[in-house]
Amino acid sequence: MRLQQENNKLIIAEGLVEVWIEPWGMNGLRVRMTKEAVMDTKDWALTEKVEDCKATIVFNEIDVTDPWYKEEAYKAYHMKATEASITNGKITAKVSHEGWISYYNQKGELLTAEYWRNRNRLNRYCVPLRIDARELKPIAGSSDYTLMARFEAFDDEKIFGMGQYQDRQLNKKGALLELAHRNSQASVPFMISSRGYGFLWNNPAIGTAHFGTNKTEWCAQRTKKLDYYITAGDTPSEIEEQYSAVTGRTPMMPEFGLGYWQCKLRYRNQEELLSVAREHKRRGLPMDAIVVDFFHWTRQGDFKFEPRDWPDPEAMVKELKEMGIETVVSVWPTIDEKSENFGEMADRGYLVHADRGNENHMTWMGNTIFYDATHPGAQQFVWERCKEHYYDKGIRCFWLDEAEPEYGPYDFDNYRYYEGPALMCTNIYPAMYAKGFYDGLKAEGETEILSLVRCAWAGSQKYGVLTWSGDIYSSFRAMREQLQAGLNMGIAGIPWWTSDIGGFLGGDIKDKAFQELLVRWFAWGAFCPVFRMHGERSPWYEREEEFINGVRQLTSGQDNEVWSFGEDNYEILKQFLFIRERLRPYIRACMKTASDKGEPVMRPMFFDFPQDAKCWEVEDQYMFGPDLLVAPVMEAGMKERQVYLPEGTKWVDAYTKQTYEGGQVITTPTPLEVIPVMMREGKNYSIYEV
């Protein structure tokens, strides 16, 4: 094993294996390992040019005594060996004479260390478990590898981020997470540790992350190299700022993104959609965006309006614009085999390929194949069709659905992209899907870009993605799960996030239990980064016997407007529409900070109060920006709930106006029309005032 310096890199070399450790951004290091003659050049999420950082690299020669030799002849058995360290600001990586790595902050405190239960040839007489910290194992019959990276586990460590998973746990310590996208699951493999570091698994391969009690393991099923980024900081906000600097920051949120978005399963036609918008305005209610959802098109992959139901999109967009409403149009990446674009896209290699069996990826409402969003030519082709049929008619905002993509089934070993086998790179798909539209809009001179996308990966934020949590169920359990999903997406670097208010699957608008859920969720939605109503609202039925040009049509679903759930509930929902409007300047400032520093808009309590140990434990409340503490009601029939007030400041109840000292748990009433919100003293926002 050799330790050597090459320019600004510290290299661990042994045989054909090389490990590179180099400074990457402020207080950060990038670590790569290869068994190839040349290091793979893909940067994946680490796309942003980092400032030249001059690392301090130190080599030390040490004496190594082998304690296992007791014979007289070896009593004074000594060998010379070398250890090294590389420092970039607040982080130092120390490499032992055996080649394993540990990481420290500027105070000399251990952050994390590789899990190494092996010895190299230097100590060949002592080989215990033979478990290496990093393994690249060749896959027979290919030039690729399976990868395993292991780190020590710490009993006191808490782990946050990693994207969006459908469970209740905000703290992911102890979790086994699939590094793969599914409908309602987004793998964004960046985490912040309570020990004072952030870690990005810079690999879009299918795999797992296991934050066990005995060790932490990261696995990639198929890859070319080990690649990760680690950064140290004194606070979570410092770590987030450093991470977003190397993966990219979200642009500034367009003004229409700050208000209320109206959506439902599907507005069936132009007149139906316009009538809802007109009624909103007639009632004097605010609305900033309305969505033309799926199957408004002639056929999947045509990327254009069905002319019978949408006869004059230009006039529709113009009228909505005059009402101050942005038109959002759904785009799916599915290309029907009967689409007018299928032949050309197949011929040019713009479709995802199957290595075996039938090429069809989905059979719902047509036999369809996903276009290959990793292919630059396919990105441009799809954008040009959408420009012709949507952008040129006034559409500026797109709903990029099915972005995982939602394979049926998720046989990742069977799919192949321009970028490589799906097992190796499929998690990059949603980022490249968004990039195609971002680049297209930017080329047209657009400066305020936002796309509603059903999935994301590390770095997606720089393409203006607003991620939502997919087709979740209408229940209080699902609502509770979305709270941690949204908070962990923010920590993972995706600050624009929303969920389907009321849930997507299920939910009868005439059912009192569902109405209670809808009202509670709507109140919470007013304090999410984006405030958006959506849902299929059962029971609904496909119009199975109605076809347009051979394409089966869908119903409009149940009503999903604020006046659809009873008059008493309408008055409550209307209140929160205006609460959101009054908070607009505050939310705009939060969005500016997100753009400037990568700070999540909604974030766990520890983000703003890292010195308060209790804030690392609380999981059912959060901070909405720096000044508002929000405690959603996420159980049916709840009449009151407990709220923890962080120490170090006084808090004012936004509803009762009562002031409390921090550092205590209070019990506050939760009538249906109230979501508990606490304001920092001196920050008197007009929340519950009429």
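This is a predicted model: local features need pLDDT of at least 70, side-chain atom pairs count only at pLDDT 80 or more; totals for chains, interfaces and linings use all residues.
Q: Is Lys172 buried or exposed?
A: Lys172 forms a salt bridge with Asp167, and the closest N and O atoms are 2.7 Å apart. A residue is called buried when its relative accessible area is under 20%. Lys172 has a relative accessible area of 1%, so the term for Lys172 is buried.

Q: How many residues apart in sequence are the parts tied together by Arg195 and Asp156?
A: Arg195 and Asp156 form a salt bridge, with 3.2 Å between the closest N and O atoms. Arg195 lies in the loop between strand S14 (186–193) and strand S15 (197–201), while Asp156 lies in the loop between strand S11 (145–152) and strand S12 (159–164). The pair therefore ties together parts whose separation in sequence is 39 residues.

Q: How many salt bridges does a search of the whole structure find?
A: Each requires a side-chain nitrogen of Lys or Arg within 4 Å of a carboxyl oxygen of Asp or Glu. With that rule, the number found in the whole structure is 56.

Q: What kind of aromatic pair do Tyr260 and Phe522 form?
A: Tyr260 and Phe522 are both buried. Tyr260 is in strand S19 (residues 260–262) and Phe522 in helix H9 (residues 512–525), so their contact ties together parts that are 262 residues apart in sequence. Planes under 30 degrees apart would count as stacked and over 60 as edge-to-face. Here the centres are 5.8 Å apart and the angle between the planes is 55 degrees, which makes the pair tilted.

Q: Which residues form one aromatic cluster?
A: The count of aromatic pairs comes to 49. One cluster is made up of Phe305, Trp310, Tyr371, Trp383, Tyr390, Tyr391, Phe398, Tyr417, Tyr429, Tyr433 and Phe437.

Q: Over the face of which residue does Arg117 lie?
A: Arg30 lies over the face of Trp24, at 4.7 Å from the ring centre. Arg117 is placed over a ring too, at 4.0 Å from the ring centre, and that ring belongs to Tyr115.

Conventions: Residues are numbered from 1 along each chain as its sequence is written. Side-chain values use heavy atoms; hydrogens and water are left out. Helices (H or I, at least four residues) and strands (E, at least two) are DSSP runs, numbered from the N terminus. Buried means under 20% relative accessible area, exposed over 50%, partly exposed in between (1.4 Å probe, protein chains only). Rings of Phe, Tyr and Trp (its six-membered ring) pair if their centres lie within 6.5 Å; planes under 30 degrees apart count as stacked, over 60 as edge-to-face and the rest as tilted. A charge sits over a ring if NZ of Lys or CZ of Arg is within 6 Å of the ring centre and within 35 degrees of the ring normal.
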